[in-house]
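Please walk through the fold shown below.

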Amino acid sequence: MRRLMAVIESGRVDLSEMVTHTYAFDDIIEAYDLFMHQREGVLKIALKP
């Protein structure tokens with residue numbers, strides 16, 4: 001896991017395309033429901049504080 005994190009931190013791999021949706025932390029229930037039911041082409045959700 002450390003090696004993977006080092007590769008990501010170095011910028012050699014761009015994972016931003018995997019984040020398809022962004023929600024405020026206050027909307028975590030809506031985000032979880034979307035992910036759980038795999039709607040709207042969701043791959044990964046980023047939660048912002």
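**Strand pairing and fold**

Strand 1 (residues 19–24) and strand 2 run parallel and are joined by five bridges. Two strands pair if DSSP finds at least two bridges between them. Val-19 has Lys-44 as its bridge partner in strand 2. This is a predicted model, in which local features need pLDDT of at least 70, side-chain atom pairs count only at pLDDT 80 or more, and totals for chains, interfaces and linings use all residues. Residues are numbered from 1 along each chain as its sequence is written, and side-chain values use heavy atoms, with hydrogens and water left out.

Strand 1, helix 2 (residues 28–36) and strand 2 form a right-handed β-α-β unit. Right-handed means that, with the strands pointing away from the viewer, the path from the first strand over the helix to the second runs clockwise. The protein chain has two helices and two strands. Read from the N terminus, the order is α-β-α-β. Helices (H or I, at least four residues) and strands (E, at least two) are DSSP runs, numbered from the N terminus. The C-alpha trace spans about 30 × 25 × 15 Å along its principal axes.

How much of the protein chain counts as buried? The figure is 10% of the 49 residues. Buried means under 20% relative accessible area, exposed over 50%, and partly exposed in between (1.4 Å probe, protein chains only).

His-21 lies in strand 1. His-21 counts as buried because its relative accessibility is 13%. Its side chain makes a polar contact of 2.8 Å with the side chain of Thr-20. Such a contact is a pair of N or O atoms within 3.5 Å; within protein, one must be able to donate a hydrogen and the other to accept it, and residues adjacent in sequence count only if both atoms are side-chain atoms.

Gly-11 sits in the loop between helix 1 (2–10) and strand 1. Gly-11 is exposed, because its relative accessible area is 55%. The C-alpha atoms of Gly-11 and Asp-26 are separated by 29 Å, with the two residues 15 apart along the chain.

Finish at strand 2 (residues 44–48), which holds Leu-47. With a relative accessible area of 37%, Leu-47 is partly exposed.
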